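Biologist: I would like to go through the pockets, the cores and the charged pairs of this protein, one question at a time. Please show the sequence and the structure before we start.

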Amino acid sequence: RREVSGRRKDGSEFPAEASISKFDLGSETVFTVILRDITDRKRAEQRLVAHHTVTQVLADAATLEEATQRILQVVCECLAWDVGEFWGIDRAARVLRCVEAWHKASIDVPEFAATRRDTTFARGTGLPGRVWASREPAFIPDIVQDPNFPRALIAAREALHAAFAFPLVLGGEDVGVMAFFSREIRQPDQDLLDMMATIGSQMAQFIERKWAEEELRRSEAYLAEAQRLSRTGSFAWKVPTGEVFWSKETFGILGYDQGSKPTIERVFQRVHADDLAAVQQTVD
């Protein structure tokens, strides 16, 4: 047995498995060949590889940017799509903006790539906007023929046709949309959409984890600052009675033994001569 490439009547190629058998019939040798279309099996294998690789990317990535760039590449390379985009939500403007994109080196789509820099999608507009509004994956066999695809003319010029997209939703909060494009016209594939919905859920969990890590870092930074401030000397002065209270750190900063009595005069003794008059005036 060996895997070969078959070609259909319309010219499209497909993966096949050829099984060759040899029979000796007296003075004649006969070979039989059984050709089996293994498109479904190869597709399942590719999707399994893609899912496993995405899972590994999410486990190893340090940032959301790193993860999205790699996932766009993995999906395109493993599942034979040509262009991938990640559209993030601009909450202030209430639109989607392209955050990351990837395309195969063999694919030249300069105009399509250039327009995404200035393109935004409102909820319900274009493929990303529709997926944002519905929170459901979507598949378009040919974006050139789609009435709600603002970049259809550019796609036609650069021979892009099939597309699908899926949402990233975290705890009821929309995070963004991933979209992929192919130069082939393809029919809707529910299995693909189901798998990508699972990947979208995994990405949402990754984002949640990164947000939690960032919150922890902020908390640790806050704690470190609080600890730093706790080592800052401070003192209080009860003016009517003249009582002065120093923090433990103030004794050390001013160089006094903690058994000595805190007074305003002793603070003045530690002020630089150049600043003493100004400090005295402020206190007075």
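Modeller: A residue lines a pocket when one of its atoms is within 4 Å of a grid point of that pocket. The coordinates come from a predicted model.

Biologist: Which residues line the second largest pocket, and which elements give two or more residues to that lining?

Modeller: The lining of the second largest pocket consists of Leu64, Glu65, Thr68, Phe86, Gly88, Ile89, Arg91, Val99, Asp174, Val175, Ile207 and Trp211. The elements that give two or more residues to it are α2 (64-79), β4 (83-90), β9 (173-181) and α6 (190-230).

Biologist: How does the lining of the second largest pocket divide by class, and what is the volume of this pocket?

Modeller: Seven residues of the lining are nonpolar, two are polar and three are charged. The space in the second largest pocket comes to about 160 Å³.

Biologist: Turning to the largest pocket, what is its volume, and which residues are closest to its centre?

Modeller: The volume of the largest pocket is about 790 Å³. It is lined by 25 residues, and the closest to its centre are Thr39, Arg43, Ala80, Glu184 and Arg186.

Biologist: Which element gives the most to the lining of the largest pocket?

Modeller: By class, this lining holds nine nonpolar, six polar and ten charged residues. Two elements give two or more residues to the lining of the largest pocket, β2 (13-25) and α1 (39-60). With five residues, the one that gives the most is α1.

Biologist: Which element has the largest share of the largest nonpolar core?

Modeller: The largest nonpolar core has 34 residues, and Leu79, Trp81, Phe164, Met178, Phe180 and Met196 have the most contacts inside it. Two or more residues come from each of α1, α2, β8 (163-170), β9 and α6. The largest share, nine residues, is that of α6.

Biologist: What is tryptophan 81 in contact with, leaving aside its neighbours within four places in sequence?

Modeller: Tryptophan 81 is among the residues with the most contacts inside the largest nonpolar core. With those neighbours left aside, the contacts of tryptophan 81 are Val75, Cys76, Lys104, Phe139, Ala162, Ala163, Phe164, Phe180, Phe181, Ser182, Arg186 and Leu192.

Biologist: How many residues does the second, separate core have?

Modeller: Phe121, Leu127, Trp132 and Ile140 are included in the second core. Its residue count is 23.

Biologist: Moving to charged pairs, how far apart are the closest N and O atoms of arginine 47 and aspartate 189?

Modeller: Arginine 47 sits in helix α1 and aspartate 189 in the loop between β9 and α6, 142 residues apart. Arginine 47 has a relative accessible area of 14% and aspartate 189 one of 18%; buried means under 20%, so both count as buried. Between the closest N and O atoms of this salt bridge the distance is 2.2 Å.

Biologist: Is arginine 157, which forms a salt bridge with glutamate 111, buried or exposed?

Modeller: The closest N and O atoms of glutamate 111 and arginine 157 are 2.6 Å apart. The pair ties together parts 46 residues apart in sequence, because glutamate 111 lies in helix α3 (residues 110-118) and arginine 157 in helix α5 (residues 152-157). Glutamate 111, at 31% relative accessibility, is partly exposed. Exposed means over 50%, so at 54% arginine 157 counts as exposed.

Biologist: Which residues are linked in a network of salt bridges?

Modeller: The count of salt bridges comes to 17. Linked in a network are Glu3, Glu17, Arg36, Arg41 and Glu45.

Biologist: Finally, what is glycine 129 in contact with, leaving aside its neighbours within four places in sequence?

Modeller: Glycine 129 lies in helix α4 and is buried, with a relative accessible area of 0%. Leaving those neighbours aside, glycine 129 has contacts with Leu96, Phe121, Ala122, Arg123 and Gly124.

Conventions. Residues are numbered from 1 along each chain as its sequence is written. This is a predicted model: local features need pLDDT of at least 70, side-chain atom pairs count only at pLDDT 80 or more; totals for chains, interfaces and linings use all residues. Side-chain values use heavy atoms; hydrogens and water are left out. On a 1 Å grid over the protein atoms alone, a cavity is a set of points where a 1.4 Å probe fits but cannot get out, and a pocket is an open set with protein on both sides within 12 Å along at least five of seven lines; lining residues have an atom within 4 Å of a point. Grid points are joined across faces, edges and corners, and a volume is the space filled by probe spheres set on the points. Helices (H or I, at least four residues) and strands (E, at least two) are DSSP runs, numbered from the N terminus. Ala, Val, Leu, Ile, Met, Phe, Trp, Tyr, Cys and Pro count as nonpolar, Asp, Glu, Lys and Arg as charged, and the others, Gly among them, as polar. A nonpolar core is a set of buried Ala, Val, Leu, Ile, Met, Phe, Trp, Tyr and Cys residues joined through side-chain atoms within 4.5 Å. Buried means under 20% relative accessible area, exposed over 50%, partly exposed in between (1.4 Å probe, protein chains only). Contact means heavy atoms within 4.5 Å. A salt bridge is a side-chain nitrogen of Lys or Arg within 4 Å of a carboxyl oxygen of Asp or Glu.
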